[in-house]
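Q: Could you take me on a close look at one part of this structure, the place where charged side chains pair up? I am new to this, so please go step by step and then show me what lies around it.

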Amino acid sequence: MEATVENLIAWGVRINRESRNLTQAQLAARMGTKQSAISKLEDSDGGDVQLSKLIKAAHALDVALIVKFVSYPEFASLTRDVTTAALLAETFETAKRRASASSEE
């Protein structure tokens, strides 16, 4: 289970960073940290990830972060799909524009 969580964090940060055409250095600047900190976040073997860094990453990527305790079966269900599409989070601004456009129709 721990390896799955570590991989999902690493992949999620990288996929969302790359989808926004940001380099590690650019994301680091948005977070007020160094590029090496982003490299560690994107490395599933990078060691313990601090919640405060994940919150800063979510803010810098304009997405929300959910951390909650779940049962093992729910965990298995939630982590079954690790495709890029499943790990890519729509930005708040994009979601707002999409909602506005659909309400105008």
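A: Happy to! Keep in mind that this is a predicted model. With a relative accessible area of 33%, E74 is partly exposed, because a residue counts as buried under 20% and as exposed over 50%. The partner of E74 is K68: the two form a salt bridge in which the closest N and O atoms are 3.9 Å apart. K68 itself is exposed, at 54% relative accessibility. In general, side chains of opposite charge can pair when their charged atoms come close.

How many salt bridges does a search of the whole structure find? There are 6. Several residues go beyond a simple pair: R14, R17, E18 and E42 are linked in a network of salt bridges.

R17 counts as buried, with a relative accessibility of 8%. Its side chain meets that of E18 in a salt bridge, at 3.7 Å from N to O. E18 is partly exposed, at 39% relative accessibility. R17 also meets E42 through a salt bridge between their side chains, at 2.5 Å from N to O. Why does this pair tie together parts that are 25 residues apart in sequence? Because R17 belongs to helix α1, while E42 sits in the loop between α3 and α4. E42 counts as buried too, at 15% relative accessibility.

Next comes Q24, which touches both R17 and E42. You can find Q24 in helix α2, and its relative accessibility of 19% makes it buried. Leaving out residues up to four places away in sequence, Q24 also touches Q35, I38 and S39. With Q35, the side chain of Q24 makes a polar contact of 2.4 Å.

Now move on to helix α4, which spans residues 51-61. Which of its residues are buried? They are L54, A57, A58, A60 and L61. These residues lie on the same side of α4, because they cover an arc of only 165 degrees around the axis.

L51, I55, L65 and V67 make a nonpolar surface patch of about 370 Å². One of them, L65, is in the loop between α4 and α5, and L65 is partly exposed, with a relative accessible area of 38%.

Our last stop is T79, in the loop between α5 (72-78) and α6 (84-87). Is T79 buried or exposed? T79 is buried, with a relative accessible area of 16%. Setting aside neighbours within four places in sequence, T79 is in contact with T4 and L8. T79 and L65 are 14 residues apart along the chain, and their C-alpha atoms are separated by 15 Å.

Key. Residues numbered from 1 in each chain as written. Predicted model: local features only at pLDDT ≥ 70, side-chain atom pairs only at ≥ 80, totals over all residues. Heavy atoms only, no water. Helix = DSSP H or I, 4+ residues; strand = E, 2+ residues; numbered from the N terminus. Buried < 20%, exposed > 50% of the residue type's maximum accessible area, 1.4 Å probe, protein only. Contact = heavy atoms within 4.5 Å. Arc of directions from axis to C-beta. Salt bridge = Lys/Arg side-chain N within 4 Å of Asp/Glu carboxyl O. Patch = residues over 30% accessible without salt bridge, like charges linked within 9 Å, V, L, I, M, F, W, Y side chains within 5 Å. Areas by Shrake-Rupley, 256 points an atom, 1.4 Å probe, with all protein chains shown as cover. Polar contact = N/O pair within 3.5 Å; in protein donor to acceptor, adjacent residues only side chain to side chain.
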